[in-house]
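This report describes a ligand site and one further residue. The structure is shown below.

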Amino acid sequence: MVEVYGPLDYEKLKEVLAEKLEEEIKPDVRRKSEAVAEAVKKEFIHAWNAYKTYAWGHDELKPLSKTYHDWYGVPLGLSIVDSLDTLYIMGLDDEFENAVAWVENNLNFNVDASVSVFEMNIRWLGGLISGYLISGSKKLLDLAVDLANRLLPAFNSATGMPYNSVNLKTGAVRGNVNNSADIGTLMLEFGMLSKLTGDNTYYTKARNAMETLFNKRSSLDLIGESINVDTGSWVSTVSHIEGLIDSALEYPYKSWMLFRERHFSFKSFFYLKGITKYCQENYNGMIYYKRVNKDDGSLVQRAIDVHSNFYAGLLALAGRIPDADMFATTCYMLWGKYGLMPRYLDYSNFTILDAKNYLYPELVESLFHLWNVTGDDVYRMMAYTIFRNFVRYCRVDSGYAGINDVRTMQKADIMNSYFLAETLKYLYLIFSDTPRVDYDDLVFTTEGHIMRGVVPV
Ligand code: DMJ
């Protein structure tokens, strides 16, 4: 990894990066970007084979104990569903067919379990829809409809914003205090399902939830972390771009890209405006997004969560290239400083507040969008060093392991499904010179699932 210490200044860092990347990385990446894509694919196969051997049909692989983890106590094949479009994109057609067959023959949502509406949406529903768009398998679409119908009771709150959890069998709901991200990250998947089925229910419910959340924004155009969906009162008034809020800021813009309804771009404009004005700051020569109170903009904390790394990609998609570049560079500096970026740190003094890195995708996602929009090889080179460090620190005999503490690189017994759905997919796409999908015709969901365009529908 390019190690960057000393002056943490954007201009100086760009110089150091340019020099180091030129010496260390460029010859490799320039010469053989397709070979790097193949290397990423090889690592995907390594992780996928381990999942197949030790956890097939279960949700996620535990790569150290060589066993599995099921989120809700019953196997719902999460890693299979989450991997479908990655298998297709990487040209692993036999594996894709086997995975579709497993889903067709085994996946059953009639289970007595209280599930997160957000997670079932971004991982399972998104995976099924993109799997259907690629395969044309009617059974996958039926499963997507069945799942969405089981999630619908969550919207029966007084405000129409969803409860946090719903029992897939009984429809019983839980959690009337819900996060902004969980409320505002349904539109792409629910909306696409309506487009595919002609049943507008899903589109309308998700749109109402997004609309209601938007209307609860403060006069500074900021939303808080959590809200009571029965009363419509904010519970946490802290505003930022991190987990608990993150993808609520991402979905209005991407919904505009997918559905082309003007009100989505309007929402996105106001969210980006509020964040730029009250959260964005130049600090020690770099760009950061601080945590503030949504009502008066007062400082809550100077901290950065690895999940916020997605924001550079959103800025790139929205055409804000200088800010996108500066923030991606800030994030890259933090990945470089620690080998892998710790989940959470105070950027005023670099105190680590949470030292784990569970194979997080957000920076490579942003680098992919930046590279795709600008064509600047610097983003490929940054992605290459991150890929090398994932291999160096996280690869084990049976797959890939998250890291519990980036200071010691002590491994965690978990290979999250998004490593297959997002991290390796974006790493592959950034290097592939012959992509199987046309980026101009696609929207990537927050879980990296591809919507629109691929499609024999
Ligand atoms: C992914 O499941 C999605 O990107 C989600 O939006 C938030 N974070 C995880 C990965 O970190």
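In which helix is the place of Asn106?

## Basis of the model

This is a predicted model, in which local features need pLDDT of at least 70, side-chain atom pairs count only at pLDDT 80 or more, and totals for chains, interfaces and linings use all residues. Residues are numbered from 1 along each chain as its sequence is written, and side-chain values use heavy atoms, with hydrogens and water left out.

## Asn106

Asn106 belongs to helix H4 (residues 93–106); helices are DSSP runs of H or I with at least four residues, numbered from the N terminus. Asn106 counts as partly exposed because its relative accessibility is 43%, where buried means under 20%, exposed over 50% and partly exposed in between (1.4 Å probe, protein chains only). Leu76 is 30 residues from Asn106 along the chain, and the two C-alpha atoms are separated by 8.6 Å.

## Residues around the ligand

The ligand is surrounded by residues including Ile122, Arg123, His307 and Tyr360; each has a heavy atom within 4 Å of the ligand. The shell divides into four nonpolar, two polar and four charged residues, with Asp, Glu, Lys and Arg counted as charged, Ala, Val, Leu, Ile, Met, Phe, Trp, Tyr, Cys and Pro as nonpolar, and the others as polar.

## Polar contacts and burial

Polar contacts here are pairs of N or O atoms within 3.5 Å. A polar side-chain atom of Glu422 lies 2.9 Å from a ligand oxygen, and for Thr446 the corresponding distance is 2.7 Å. The protein buries 91% of the 290 Å² that the ligand exposes when taken alone, with areas from the Shrake-Rupley method and a 1.4 Å probe.

Notes
Polar contact = N/O pair within 3.5 Å; in protein donor to acceptor, adjacent residues only side chain to side chain. Helix = DSSP H or I, 4+ residues; strand = E, 2+ residues; numbered from the N terminus.
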